[in-house]
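Colleague: I'm new to this one. Can you walk me through it?
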There are 2 protein chains.
Amino acid sequence: MNKAETIERLLPEIGSPRASGEHFAPSNIALCKYWGKRDAELNLPVNASLSVSLATLGTRTRVEPIDAEQDQVYLNGLLQAPDSRFADRTRRFIDLLRVNQPQLAFRVDTHNNIPTAAGLASSASGFAALTRALVEAFGLSLSPTEQSVLARLGSGSACRSLFDGFVEWQMGQREDGLDSHGVALPASWPQLCVGLVKVDAGEKPVDSRSGMQRTVETAHLYQSWPLQASSDLARLHEAIDSLDFALLGSVAEQNALSMHATMIASWPPLLYWQPQSVAMMQKVWQLRREGLALYFTMDAGPNLKLLFEAASRDAVLAQFPGIEVVEPFAAGAA
Amino acid sequence: MNKAETIERLLPEIGSPRASGEHFAPSNIALCKYWGKRDAELNLPVNASLSVSLATLGTRTRVEPIDAEQDQVYLNGLLQAPDSRFADRTRRFIDLLRVNQPQLAFRVDTHNNIPTAAGLASSASGFAALTRALVEAFGLSLSPTEQSVLARLGSGSACRSLFDGFVEWQMGQREDGLDSHGVALPASWPQLCVGLVKVDAGEKPVDSRSGMQRTVETAHLYQSWPLQASSDLARLHEAIDSLDFALLGSVAEQNALSMHATMIASWPPLLYWQPQSVAMMQKVWQLRREGLALYFTMDAGPNLKLLFEAASRDAVLAQFPGIEVVEPFAAGAA
């Protein structure tokens, strides 16, 4: 099954774009990670994952049909070279919707308000916002769930950025992936805070897509990852249902470390950590031993994302001055 | 099965010690790690392991029957408090041989010539040397293999320190562990060098025995460890048979990193690395990208042990001044 076939099932008929479209989609941080694909073409995951969307942090994208020979892709106001990775991924995603109208061209304006160097993937919010903007431009009748399926074809974790709050990406069973999409959980956690810590990254050694593939192919330990993820997912639901922060934090932290463990066990070794990452982990652990309810998660990069509740906010800020704090469920956020 | 029962099968009759005994045993560095016990009392491993002994680095131990109420245990010339961990482990090991003569007391003198802070476990060479010294003192007829079984009861990896060169610890199948012991491999690798790098350790967070237990109990990823170890063991034999250094180094490094990965995936997280450990790993990887055939292994601590061949010695020393280089197979060593 390829993407075009999925699109045919999802959207039997696609008309001409009738207008511009502009939408925002939030970044999301996974508490149970997406790590490994059962279908690389369709971004179908090996395991279900669970994230929290970051309210107003994310991507705003505007698309507009233009009279031109090719797409014009802007990122944060700058025209991207047609052969750049960003322009290429954008174009190939739009191709899915203009399969029968290859002459169509768009101007695409993408603005990320994600703090630089905080290690938040912009592809999730980016493809979610692009999906929404294109759906509007083409005047398509797609439910949020169907839009989540579409966004997943651009970047796996984008399917979670179609929703606010806690989102589970149900892995699904179907070969065409129509049942593999985000589902918003009917839960709220107003006290929950996410702290974005900057670690000077240097050059990212391997992009996360390649890293995922290397891990699956070379790390024997990866074989136990689905077991870890499935156990973590169940415990995260339990934590969310009972607002048990220690459980939420500990499961999210162990899940992230287990994901990094599978990378570390790969060959050649895949270590996204910097010396400073280790120093910060040790600091979190020390603060926890001293009684602070503080946990972290990490994605495929050197940055820590702190998890704590509003009651600990001052204590955390005193230890990590300069971090940006997001409240995913604050009034007006979700 | 407990230790006393193993001793009964190994040594149906133990006479009185007739003299003093004094012996040396080398440290060993595992290229495929011992990580996880199937029997905690008898130190029977989950997986077979393979090490190289460190020639003249290790422990020299002298035991002598004395007319006293209790053992007198010296470490590097200093009398140890009877309730210290070192004196306690020593006493309990000697107890195995004086089960019917509890009134016997010994003076035990242990000298390690292992560089301080290099992160070499002294328990392996220590229990191997103590075993040899006691076998002499009691006048026991035990083959090296039987001595290896006995040493294993003191510390698992001690069973490998009964031999020089490459040693495989065959895990065995028997419940009494009589088939779980070191076996010297009939191989030599005169060019092989081990470089001991010092990383300032700070306080070791968790001893390796407890760390092993926590990993087995809490890390889902541990379930795949035996698979990794078994694959690595086979590839190490292949590397040794063909003197393929790139294979030896890469297998040893991935094996060590996979062991650390299982710790990192434990809860609470078990990270023996310091920021400096990560910096050194990155340095090794960078040098390798530049063409230097340099690999590392690590045990349950922050130190790297470098693996290279004599031809690279000058290049390695230029990058890591001050390291101690051991040649396990140099003339006169093994």
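Modeller: A term to begin with: two residues are in contact if their C-beta atoms, placed from the backbone, lie within 7 Å. This is a predicted model, where local features need pLDDT of at least 70, side-chain atom pairs count only at pLDDT 80 or more, and totals for chains, interfaces and linings use all residues. Residues are numbered from 1 along each chain as its sequence is written, while chains are lettered from A and ligands numbered from 1 in the order in which they are written.

Colleague: How many residues of chain B are in contact with chain A?
Modeller: 27 residues of chain B touch 27 residues of chain A.

Colleague: Which element of chain B gives the most to that side?
Modeller: Helix 7 of chain B, with eight residues. Helices (H or I, at least four residues) and strands (E, at least two) are DSSP runs, numbered from the N terminus.

Colleague: New topic. What is the strand order in the open sheet of chain B?
Modeller: The order is 11-12-10-13, four strands with antiparallel pairing. Two strands pair if DSSP finds at least two bridges between them.

Colleague: Which strands stand at the edges?
Modeller: Strand 11 (295–297) and strand 13 (324–326) of chain B. Each has a single partner strand, so one side of each is left without a neighbour in the sheet.

Colleague: How many bridges join strand 10 and strand 13 of chain B?
Modeller: Three, in the antiparallel sense. B:Val194 has B:Val326 in strand 13 of chain B as its bridge partner.

Colleague: And chain A, how many helices and strands?
Modeller: Nine helices and 13 strands. Its C-alpha trace spans about 60 × 40 × 40 Å along the principal axes of chain A.
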